[in-house]
Amino acid sequence: MLKRVIPLFLLLIIQSANADSFRDFGNADTTIVSLEQPLWTGGRLKGGLDRATADLQETEEGFGQLQRELVLNVVRAYGNWLAADLKVKSWLKTLDTGDVITLTAATEGTVQDVAGNAMVSTRLPVGNNIADNKAIVIDTTPPEFTATALFGAEEVISTTQGTAFSGTWSVTTADINGDGYLDVVSASGGDDTVVWFKNDGSGNFGAKQVINNAQDGVHSVTTADIDGDGDVDVVSASSNDNTVTWFKNDGSGGFGAEQVISSAQLGARSVTTADIDGDGDLDVLTASASDNTVAWFKNDGSGNFGAARVISETQDGAYSVTTADIDGDGNLDVVSASWLDNTVAWFKNDGSGNFSDARVISNTQLGARSVTTADIDGDGDLDVVSASWLDNTVAWFKNDGAGNFGDARVISETHDLAWSVTTADVDGDGDVDVLSTSLGDGTVAWFKNDGSGNFGTEQVISNIQGSIPVSVTTADIDGDGDVDVVSASSGSDTVGVFRNLSLNVTDNTGAAQVIYTAAADNTTTEAVVLNVTNAIEGAPTVTATLNDGYMPSYTAVAANTSNMTEGPVSTPTFDLTIDTTPPAFTATALFGAEEVISTTQGTAFSGTWSVTTADIDGDGNLDVVSASGGDDTVVWFKNDGSGNFGDERVINNAQDGVHSVTTADIDGDGDGDVDVVSASSNDNTVAWFKNDGSGNFGAEQVISSAQLVARSVTTADIDGDGDLDVLSASASDDTVAWFENDGSGNFGDARVISETQDGAYSVTTADIDGDGDLDVLSASGLDDTVAWFKNDGSGNFGAEQVISNTQDGARSVTTADIDGDGDLDVVSASWLDNTVAWFKNDGAGNFGDARVISETQDITWSVTTADVDGDGDLDVLSAAVSDDTVAWFENDGSGNFGAARVISNQDGAVSVTTADIDGDGDVDVLSVAVYDGTISVFRNLNLNVTENTGAGQVIYTAAAGNTTSKAVALIVTNAIEAPPTVTATITNSIAGEGFFTVLYDGDTTNDTSPGLEGTINTSLSGSEVVRIYDGATLLGTATVSVTHWSYQDSRTLNDGDTPSYTAVVVNTSDMTEGPVSTPTFDLIITTTVTVAPIALDGVEYSTEGVLLDVDGDGDKEQTQAWVAADDGLLVYIRRQFVYNLFFH
């Protein structure tokens, strides 16, 4: 707002209240200014004007002074700049046209002239050290820059695809397991296999994962989301069985059985996918050489395909098919290459999948093998590129945009038996280059495009004679932003990758531009600043190593890089002492409270006897499997991945006195599912149960019913034939035996290893003598013996070799490398002498005396090993029946053990095992208790510590002069977090049998499975859950919606029960807990129905509910719900407690 001083007048400013008050002035925002002159101003007016004049003169004089000072400051600044400029020129030579700078260090750095106002990032390829006399020439003339591409040596992903010339035929890339990285998929006709290889994101690939191995002569493979579920499925074409097939992906790289699209494409050679009919899903197209056919199959969107819709049956030797919008009408047309008629042709699509006759692009490409499309000349339409093997030619055909093509424009005529062709921007210059393979000279090569369709000479990526490269594709497999090359070679049976090591050049298009290449004497334009951000790809070159005893003294200073002036140096110096002596580090383990998985397994002493873990339903989480002899039941419990388990799922409940359970892929069905094997002592039976992969099990399949009092069962490949056989120990016939598996889950008769192990109770397998086959070990309680039996590799066993016959009541045996010497030692538990002990193996199966770990585990029953504390050696765990103890013993790495560290007291602990049940990277413990039938888990809350002991690593603190204790890096990967701050509250219960009634703390109800509802004071974090307890018993996890939660008690409560519920927020990543809800929420269960002869007279209905006199005192009580029932009116009334009332 502009304000003006009026020294003479009084200003009266009136803001209008509304528009009606001052209609003449237009609107309500009009302001009236009234000027009133007081009487008798006299000389005051003149005095005021004189004063104002004087002030103005003073202000003007001050302004002049400021102008003079500004001039002086500008002069001073210019002088400072001149001085700085001279100083810079004494430090750095000003870069003019023709000047040369040689970089002398292979580390990050900056080369600049005095302007300093532009930069570019670049990366040199591996081994191309800029210290190798590479120079930058400064030239301010406009640039003429030519980019190039450099590829690394072949990195072989697999050499096991197929055999001889019939080996690997096709390769492609896609994110198969949804982790964001491009994996590799290949097809090999020699072994009829379609496989994929997992990429870790850096271009390192895991072992092959078989999708299917029954595609007879599989020749082509591609990927697409066939069923519209958001993941990438696989489609293949196989020439020997004339089949086009797809395989459903579960999103994690697990594939289902083949789903045949067609088995009548004779000599199927090529397959691709596209939305041919414009209905939003991906259809499938094929080219088949023996019936000269190009056809497509309509997808209904769910992966169900109709019959072949023939596009052409006259493409003689149809070998390759692809799709593109050739004529620019928005529909996907089809392009094919057929080798017997030397033809490249296209077929116009009307948008609904109806195609024109063949429109020949060329019929002179001798032996046309491969075809693809790309905008080669940058004119906005799609041109066609082909490879033909009989004339050794790679060529392209210019499209005028309407599907009219010119003559072949030859890219190369010397590509010996040119077989496969693709396109990509290999050198990152913005146009599409061409890549091809040639069989005759074993070459994978690329041809540089100048952007107008003019191609340079062949640039060889690889030329291994005899490799027979038949397929090439491109993808950024290492995530560095450039295009790498992947090839498949039939002759060498190889799938390989070639990394693109090109410079990634960014040039700024402003006044100062920079372009740089790796070759010496290349020219740049406006070379003002060159910032080398990654001089050598891979591990950085260290310019100085801080050695033991070195004492660096650090300072920091602020600098102006435009003129190289510096500010004050930091004081004091920051001093460190480097100490590379290996650190003394002690790890320990901390276990959380017991979390009960089940308390309903078995009864009394005959309860639960065995527990193990496996991924039963194929979701990547370790589930729990148990055997309980009290109720003859084998069951499993589903893990949600965080260590929370669902209700028991019965596998079988007729295993009389079942005593032992294990898991293995018995039938080798390739689905990666885990079957279950059990041993039951009352019916002398060893049996297995087939898993369908989702945790649904078939009927019992008996392996043997003659193992008298079968106590223990395990699996191993005893005869080296690639499938898992079964072994058992039976106490009443003193027998250790094995049963040969034919690979499909059919077993032969028992093959006795020994019939003299008196009271045989436990059996396991290991390579005891280091000869590469699996030997057998047993523990027998009546002769106090731990022994092993040598396997010749075919399942023939030698005589008993006694490890010890003084383990009084030997109950359990296992193996592990206890002392870290590379061979497998033996660990046993014996119940009559309360002993856990280990026996040192010399590597040839000769054992020393027992080395006692503990003699105080009262009735020791079970033993196992694991790296409990994460320090790299194997600790020992035991379960003891009489003192109810589950405990672990820390190993120092040499077989010296500490005292027992009690994890829990379980009522009659008889079995212990370990697994990472919550996916946090450490080893949790599971146990079963025979007396109370409880299966429990104890979470390991360790810190996972990784120590790097290499020289030159420093830990430092912020205080000057501090000395580091050890020159190592300790990385805490799973620190125990602070407990949750979220508070859970129980607000009410819901009871109902056909209708619902709200219950409150202290109420009585006849609902034996009430539900609970409550609130939390704020939303949960990703790893927090609300857990519900009855007293100290964990019931389960509530369902949470924002700040409300609900839980249904799955138990069946009895008359007179008084559950006392609490809710607590738990962080499942470290098992810390927030505050427990208070007060407890208590209910009384009463199943006795109260029947009152209450007449319906006087019943009132209102918005508050139904009103009637329930107790006959003359007052009408308010009910909360009512429903009509066959026998009258069933009313729930809420006063001090809840009634069930029946009216007749």
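I began with N342, which is buried, its relative accessible area being 18%. Buried here is under 20% relative accessible area, exposed is over 50%, and partly exposed lies in between, with a 1.4 Å probe and protein chains only. N342 is not a glycine, yet has a positive phi of about 60°. I found N342 in the loop between β21 (333–338) and β22 (343–347).

I noted the ground rules next. This is a predicted model, where local features need pLDDT of at least 70, side-chain atom pairs count only at pLDDT 80 or more, and totals for chains, interfaces and linings use all residues. Residues are numbered from 1 along each chain as its sequence is written, and side-chain values use heavy atoms, with hydrogens and water left out.

**Another positive phi, and a cis bond**

I looked up I468. Its phi is near 55°, positive in a residue other than glycine. I468 sits in the loop between β31 (459–463) and β32. I468 is buried, at a relative accessible area of 16%. Most residues other than glycine have a negative phi, and most peptide bonds are trans. I then checked the peptide bond from T1078 to P1079: cis, omega near -10°. P1079 lies in the loop between β80 (1072–1073) and β81 (1081–1082).

**Whole chain**

I read off 1 helix and 87 strands. These are DSSP runs numbered from the N terminus: helices are H or I of at least four residues, strands E of at least two. The chain has 1144 residues, and 49% of them count as buried. I took contact as heavy atoms within 4.5 Å. Among contacts between residues at least 6 apart in sequence, 48% join residues at least 24 apart.

**The sheet with β32**

I traced an open sheet of 4 strands, ordered β7-β34-β33-β32, with antiparallel pairing. Two strands pair if DSSP finds at least two bridges between them. β7 (155–158) and β32 (469–475) are the edge strands; each has a single partner, so one side of each lacks a neighbour in the sheet. Inside the sheet, β33 (residues 484–489) and β34 (residues 494–498) pair antiparallel over 5 bridges. A488 has V495 in β34 as its bridge partner.

**Strand β52**

I found 5 of the 5 residues of β52 (residues 735–739) buried. In a regular strand the side chains alternate between the two faces of the sheet. Both faces of β52 are covered, with T735, A737 and F739 on one side, V736 and W738 on the other. β51 (residues 725–730) runs antiparallel to β52, joined by 5 bridges. S728 has A737 as its bridge partner. The two strands form a hairpin with 4 residues between them, and D734 in the turn has a positive phi of about 60°. β52 also pairs antiparallel with β53 (residues 751–754), over 3 bridges. There, W738 stands opposite R751.

**Nonpolar cores**

I counted a core as buried Ala, Val, Leu, Ile, Met, Phe, Trp, Tyr and Cys residues joined through side-chain atoms within 4.5 Å. The largest has 19 residues; A984, I1016, V1026, I1028, W1045, Y1061 and A1063 touch the most other members. β71 (984–991), β74 (1011–1016), β75 (1024–1030), β78 (1044–1048) and β79 (1060–1067) each give two or more residues to this core. β79 gives the largest share, 3 residues. Another core, of 18 residues, lies apart from it; V910, V928, V930 and I935 are among its members.
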